[in-house]
Amino acid sequence: MEEMDFLLPNENDPQKIRERQLTEIINAGYHAEKLREKLSDYHAKDIADILPEIPKEQRLRLYTVLSNEELSDIFAYLDNPAEFIDELSNQKVADIIEEMSSDDAVDVLEELDEEKQKEVIELLAEEVAKDVELISAYEEDCLGSIITNDFVSIKNTFTVKEAMNSLIAQAEGCNNITTIYVTDEKDCYYGAIQLKDLFIARANTPLEDIIATSYPCFNANLKIADVLESLQDYSEDSLPVVDNDNRLIGALTDAILVEATENELKEDYSKLAGISSYTEEKNSLLLSLKARLPWLLILLCLSLGVSALIGIFDHVVAMLPLLAFFQPMILGMSGNTGTQALGVTIRNLPEATQRKRIRRMFANEISLAFINGIFLAIISFALLGAYVYFFKNMPLDRSFTLSACIAIALVCSMTVSGFCGCAVPILFKKMGVDPAAASGPLITTASDLVSALTYYGIISLIINYFIL
């Protein structure tokens with residue numbers, strides 16, 4: 001049992017302690033004001049974590065004790081808000097959503113069924129409904145689909161005093177005030193001001209003097225995957241997003257970028273594993289089968305191709321049965337090399353926007369595969385030659401001639417696999433296909449096909465010149 005203790009939750013974990021404390025507070029029977037005061041000491045996420053664990057009667061009491069603003073913070077952290085929204089009236093749900101930033105509001109609404117979603121949207125204030133509609137209008141892979149209205153903007157015609165007054169008026173309902181965006185009289189994006197610069201500016205200082213008119217902005221129609229790395233490179237608390245007319249329509253906060261990065265990584269990991277969707281845990285068995293089966297069928301066909309190819313060289317194997325013993329080593333090493341090249345290429349491909357950088361990346365991966373192949377081939381030549389000589393009772397010259405054949409095949413197959421691992425994602429990108437779709441299993445199986453051809457092909461050629 002002691003060996004399994006690491007699988008059990010740690011009772012001294014700070015999060016577990018907070019959960020116990022919150023449960024005790026909720027069960028203590030405090031009157032409304034006292035309960036609300038006690039809960040105010042805890043983060044909204046901690047309350048969201050225990051919400052599924054407490055009885056429905058206690059949740060209903062919390063809905064009446066806590067304000068709509070407090071509930072909006074809690075609901076934004078729920079993994080499955082729909083089941084708790086069903087416990088509330090549509091009007092209450094609308095009131096809670098109105099207190100959320102637009103990106104959180106859209107996330108919650110998307111969890112509801114169409115009928116419930118429509119009923120709630122009809123109850124939203126016009127301005128909130130407009131923000132929700134704006135974000136929902138963009139494809140889910142576009143920047144516009146993850147923006148928030150949680151930002152402060154001022155006009156470039158303001159004085160420093162007017163800008164400060166506008167900031168104070170907007171700051172109450174905004175969490176992102178470190179960077180203040182500036183628009184012109186047509187609501188077009190003009191630039192940005194850092195909060196500290198506005199604070200230290202004198203009242204008679206022209207606002208134009210502290211506006212960074214070259215502060216970066218991004219178009220809402222850009223693909224998230226294409227610009228995510230660029231967004232991260234700026235390391236700003238928030239970045240403005242504009243529409244095609246350069247009107248400021250939202251912002252990307254650091255929290256949004258962290259979530260978007262996690263989603264992209266999950267999606268890429270899933271594709272590298274040969275799974276078309278990283279949300280399988282939320283899908284039914286049928287949907288999960290639908291996501292995996294196509295890849296498995298493709299890999300089956302490729303595997304059959306590998307077997308058929310090896311069958312062509314059955315006369316070579318019949319002449320030297322020992323060759324079959326070393327086949328797994330060749331296929332395994334070449335597959336590993338291809339997967340390494342694939343992973344590095346996919347990671348660096350977004351930065352490789354120029355042909356020169358792509359060629360350099362290509363040359364680097366092939367060189368690495370070749371050098372690694374040479375190094376491993378030297379070791380294999382010595383070890384396999386000795387193994388065949390001592391354990392298979394083959395004459396010394398024949399033993400090391402065989403190991404030399406295998407070593408040469410190893411170098412060639414690893415180099416070709418490195419080439420494939422780098423070339424396939426680059427080719428996919430040129431074709432407009434997500435490079436991550438060049439999944440690990442696909443590259444491994446393709447490498448097996450190429451490596452088997454290289455292995456047996458080279459040995460067949462060598463056999464014509466050496467008597468083994």
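Two strands count as paired if DSSP finds at least two bridges between them, and the strands themselves (E, at least two residues) are DSSP runs numbered from the N terminus, as are helices (H or I, at least four residues). With that in hand, one place to start is an open sheet of three strands, ordered E4-E5-E6, with mixed pairing. Strands E4 (218-219) and E6 (248-253) sit at its edges with a single partner strand each, so one side of each has no neighbour in the sheet.

A word on the model itself: it is predicted, so to speak of local features takes a pLDDT of at least 70, side-chain atom pairs count only at pLDDT 80 or more, and totals for chains, interfaces and linings use all residues. Residues are numbered from 1 along each chain as its sequence is written, and side-chain values use heavy atoms, with hydrogens and water left out.

Back in the sheet, E5 (residues 238-242) and E6 run antiparallel and are joined by five bridges. Among the pairs, Leu 239 has Leu 252 in E6 as its bridge partner, while Ser 238 has Thr 253. The hairpin of these two strands has five residues between them, and Asn 246 takes a positive phi near 65° there. Six of the six residues of E6 are buried, so this strand is largely enclosed by the rest of the structure; buried means under 20% relative accessible area, against over 50% for exposed and partly exposed in between (1.4 Å probe, protein chains only).

There is another open sheet of three strands, again with mixed pairing, in the order E1-E2-E3. Here E1 (152-155) and E3 (189-194) are the edge strands, each with a single partner, so one side of each lacks a neighbour in the sheet. Neighbouring strands are turned by 35° against each other on average, direction ignored; axes are lines fitted to C-alpha atoms, for helices over the stretch in contact, and angles run from 0 to 180 degrees between N-to-C directions. Five bridges link E2 (residues 179-183) to E3, and the two run antiparallel. Val 182, for one, stands opposite Gly 191 in E3. Helix H11 (residues 160-171) packs on this sheet, touching E1 and E2, and its direction makes about 150° with that of E1. Contact means heavy atoms within 4.5 Å.

Then there are the cores, a nonpolar core being a set of buried Ala, Val, Leu, Ile, Met, Phe, Trp, Tyr and Cys residues joined through side-chain atoms within 4.5 Å. The largest has 66 residues, of which Leu 39, Phe 75 and Leu 252 touch the most other members. A second, separate core of 27 residues includes Val 306 and Phe 326.
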